[in-house]
2 protein chains.
Amino acid sequence: MEINTGIIENNKTQMRRGVLEYSILLILACGDEYASSIIQKMKDVNIIVAEGTIYPLLIRLKKLGLLNYRWEESTQGPPRKYYMITDYGREQLNELDAAWDELARGIETIRNGSKA
Amino acid sequence: MEINTGIIENNKTQMRRGVLEYSILLILACGDEYASSIIQKMKDVNIIVAEGTIYPLLIRLKKLGLLNYRWEESTQGPPRKYYMITDYGREQLNELDAAWDELARGIETIRNGSKA
DNA sequence: TTAGAATACCTTGCAACACAAGGTACTGAA
DNA sequence: TTCAGTACCTTGTGTTGCAAGGTATTCTAA
């Protein structure tokens, strides 16, 4: 219907992609979670992620040593794979915090320039 | 050498990617520029872009109707292709502004959650 | 006890896209 | 006329998000 949707939606998706790993680490820094709950928490702040994205991503982060996991029984279905952040993951998260701040500052600077 | 570099650099790149189109539109909203000067302006705020990225991207944005261009002689070399933002481009930019704000708010929310 | 729904995990194949590398063309100076 | 500087552009590669499809477990209701 709307012509705009394509371009804008595409770009919003693009923006989200950039912060996927970062936001997962942020969430896990707060406490252990399993895939579905991570997806939910991200949806709560309007960062949409698909299952097909998050599973490979968690596996990748595990391989890189940023995360670990443990199995835990659930009263409501099959067992859950709870991911937790490692010390190394926290180190990296600190750097990502800095990277995000730098990017946000950069955008802010350009934005103000375009007002002047 | 450093083990960290890969992961972090990779992620910084990833973050930058998400805002490439957005920051180009922001820059052009401020005034007409040619490819090399856009790259320079982005570098000034630590958003690194390669030539091989920016040329196809500008062509894409032109095709989408967000940009136009004109040729202009230079006293210092070959003619330059100055890009300018269209009215439609400005409309889209407004939406991207909103998208960026939303994303930044989302990240901020998760971040504060991890402090609590 | 079996059929279905709900929840959770995972994989495959495709498409988008940033970027390194390599290439063309114009200008001016040595 | 050769070289350096500037500007443009294209090709090939690798990464990666995601839609779609698949498996396994649990609980409920017929």
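How many salt bridges does a search of the whole structure find over all chains? The search finds 16. A salt bridge here is a side-chain nitrogen of Lys or Arg within 4 Å of a carboxyl oxygen of Asp or Glu.

This is a predicted model, in which local features need pLDDT of at least 70, side-chain atom pairs count only at pLDDT 80 or more, and totals for chains, interfaces and linings use all residues. Residues are numbered from 1 along each chain as its sequence is written, chains are lettered from A and ligands numbered from 1 in the order in which they are written, and side-chain values use heavy atoms, with hydrogens and water left out.

## Where chain A meets chain B

Chain B brings 42 residues to the contact, and chain A brings 43. Contact means heavy atoms within 4.5 Å. About 4,100 Å² is buried between the two chains, and carbon and sulfur atoms give 69% of that area. Buried area is the accessible area (1.4 Å probe) that two parts lose on being put together, summed over both. On the chain B side, B:Met15, B:Trp100 and B:Arg111 lose the most area to chain A. Together they make up 17% of what that side buries.

Charged pairs cross this interface. The rule finds six salt bridges between chain B and chain A. One of them joins A:Arg111 to B:Asp101, with the closest N and O atoms 3.0 Å apart. A:Lys12 and B:Glu102 also meet in a salt bridge, at 3.9 Å from N to O. That pair runs from helix 1 of chain A to helix 5 of chain B. Helices (H or I, at least four residues) and strands (E, at least two) are DSSP runs, numbered from the N terminus.

The interface also holds 10 residue pairs in polar contact, both at pLDDT 80 or more. A polar contact is a pair of N or O atoms within 3.5 Å; within protein, one must be able to donate a hydrogen and the other to accept it, and residues adjacent in sequence count only if both atoms are side-chain atoms. On chain B, helix 1 (3-18), helix 2 (20-30) and helix 5 (87-115) each supply at least two residues of the side that touches chain A. Helix 5 gives the most, with 19 residues. By class, this side of chain B has 21 nonpolar, 11 polar and 10 charged residues. Ala, Val, Leu, Ile, Met, Phe, Trp, Tyr, Cys and Pro count as nonpolar, Asp, Glu, Lys and Arg as charged, and the others, Gly among them, as polar.

A residue is near a strand if one of its heavy atoms lies within 4 Å of it. DNA strand C is surrounded by 25 residues, the closest being A:Tyr34, A:Tyr55, A:Arg80, A:Lys81 and B:Thr53. Of the atoms of DNA strand C within 4 Å of the protein, 72% belong to sugar and phosphate. Helix 4 of chain A provides the largest share of the surface near DNA strand C, five residues.

DNA strand D also has 25 residues around it. Nearest are A:Thr53, B:Tyr34, B:Tyr55, B:Arg80 and B:Lys81. Sugar or phosphate accounts for 71% of its atoms within 4 Å of the protein, and bases for the rest. Here the largest share of the surface, five residues, comes from helix 4 of chain B.

Some side-chain distances to the DNA follow.

| Residue | DNA atom | Distance |
|---|---|---|
| A:Tyr34 | phosphate oxygen, DNA strand C | 2.8 Å |
| A:Lys81 | phosphate oxygen, DNA strand C | 2.3 Å |
| B:Arg60 | phosphate oxygen, DNA strand C | 3.4 Å |
| B:Arg80 | phosphate oxygen, DNA strand D | 2.6 Å |
| B:Lys81 | phosphate oxygen, DNA strand D | 2.3 Å |
| B:Glu51 | base nitrogen, DNA strand D | 3.0 Å |

## The sheets

In chain B, three strands form an open antiparallel sheet in the order 1-3-2. Strand 1 (33-34) and strand 2 (67-72) are its edges, each pairing on one side only. Two strands pair if DSSP finds at least two bridges between them. Strand 2 and strand 3 of chain B pair over six bridges. B:Arg70 has B:Tyr82 as its bridge partner in strand 3.

In chain A, two bridges join strand 1 (residues 33-34) to strand 3 (residues 80-85), and the two run antiparallel. There A:Tyr34 has A:Tyr82 as its bridge partner. Strand 2 (residues 67-72) of chain A pairs with strand 3 over six bridges, also antiparallel. A:Glu72 is partnered by A:Arg80.
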